[in-house]
Amino acid sequence: GCNLNSIGTISLEISGSTKKIVGLSCSSESLNSLVSSSSKKEAVQNVLTYEYSLIEDQIKMKYASASSSASKSQIGLWCANVMKQFSGADVSIINTGGIRATLDAGDITIETLYEVNPFDNSLIYVEVLGSELISFYNAYPSYYYYNTDLDISSINSSSKYKLLTIDYVYYGDYFQSKFKNAKLIKVNDELCARDLMGRDLLSRSSGVWDPSSSSASIAPHGWPEI
């Protein structure tokens, strides 16, 4: 359930001889009922505290410092620019819901980047038709962040464009309904958008990221050959 409101259980009965599923049952239970007593809550918290202690030194690693606080939109536009510059794409798209938190001024660590973008979605390289890009852009103006230098009025309807996005966007109904002629070029499941954001921060010689500027510093990796 969203926000861990409930825990789901799927039970499978598998035949020892045929190795096939012969029975299935599903159930869900409120998380509050599972940890209703103070002793259970304390036990859960103890586990979390212990596990956190094992990784705390790693996730506190500093990428850079933010010169001021950053809104979700500032982070999203910067992320889209980072994706575009890294990939050599003409256009980059990330969903607005992919940015989950704002950033305060000060140190940006692995932990804070996970709070901002906790998703491990694969990077999707795809070739799209200009007319379909225009249609998508006009249909969902507030659902996605695009690279800031995208001028949709300059898109040629009959031309093809290199587009980088994430699998959540690519396989979503909105994308699939508009990009009927999209050609999948590559799926990169070794990197996610958060990884690129971290690389961009580390590449800044000053060690400072200015949220008022959405420019990217990441080294270009280049568009993959077909």
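**A walk through the model**

Let me start with Ser122, which counts as buried because its relative accessibility is 12%; buried means under 20% relative accessible area, exposed means over 50%, and partly exposed is in between, with a 1.4 Å probe and protein chains only. Before going on: this is a predicted model, in which local features need pLDDT of at least 70 and side-chain atom pairs count only at pLDDT 80 or more, while totals for chains, interfaces and linings use all residues. Residues are numbered from 1 along each chain as its sequence is written, and side-chain values use heavy atoms, with hydrogens and water left out.

Ser122 sits in the loop between α4 (110-116) and β6 (123-129). Helices (H or I, at least four residues) and strands (E, at least two) are DSSP runs, numbered from the N terminus. What is Ser122 in contact with, leaving aside its neighbours within four places in sequence? The list is Thr165, Ile166, Asp167, Val187, Asn188, Asp189 and Leu191, where contact means heavy atoms within 4.5 Å.

For angles, axes are lines fitted to C-alpha atoms, for helices over the stretch in contact, and the values run from 0 to 180 degrees between N-to-C directions.

Within that sheet, β4 and β7 run antiparallel and are joined by 3 bridges. Asn95 stands opposite Tyr144 in β7. Coming back to Asn95, its place is in strand β4 (residues 91-95). Asn95 counts as buried because its relative accessibility is 10%. Beyond its neighbours within four places in sequence, Asn95 has contacts that include Tyr143, Tyr145, Ile166 and Tyr168.

There is also an open sheet of 3 strands, ordered β5-β3-β10, again with mixed pairing. Its edge strands are β5 (106-109) and β10 (208-209), each of which pairs on one side only. Strand β3 (residues 62-66) pairs with β5 in the antiparallel sense over 4 bridges, and helix α8 (residues 193-202) packs on the sheet, touching β3, β5 and β10, at about 70° to the direction of β3. With β10, strand β3 pairs in the parallel sense over 2 bridges. Ala66 has a bridge partner on either hand: Gly106 in β5 and Trp209 in β10. Why is β3 described as largely enclosed by the rest of the structure? Because 4 of its 5 residues are buried.

Now the salt bridges. A salt bridge is a side-chain nitrogen of Lys or Arg within 4 Å of a carboxyl oxygen of Asp or Glu, and by this rule the count comes to 5. One of them joins Asp120 and Arg194, with the closest N and O atoms 2.5 Å apart. Asp120 is in the loop between α4 and β6 and Arg194 is in helix α8, so this pair ties together parts 74 residues apart in sequence.

Another salt bridge is between the side chains of Lys84 and Asp149, at 3.4 Å from N to O. Lys84 lies in helix α3 (residues 72-87) and Asp149 in the loop between β7 and β8, so the parts tied together are 65 residues apart in sequence. Lys84 counts as partly exposed, at 21% relative accessibility. The side chains of Asp200 and Arg204 also meet in a salt bridge, at 2.8 Å from N to O. Asp200 counts as buried at 0% relative accessibility, and Arg204 is buried with a relative accessible area of 13%.

One last residue. Ile59 lies in helix α2 (residues 38-59) and is buried, with a relative accessible area of 15%. Its contacts, neighbours within four places in sequence aside, are Tyr52, Thr109, Ile110 and Glu111.

Note on methods: Two strands pair if DSSP finds at least two bridges between them.
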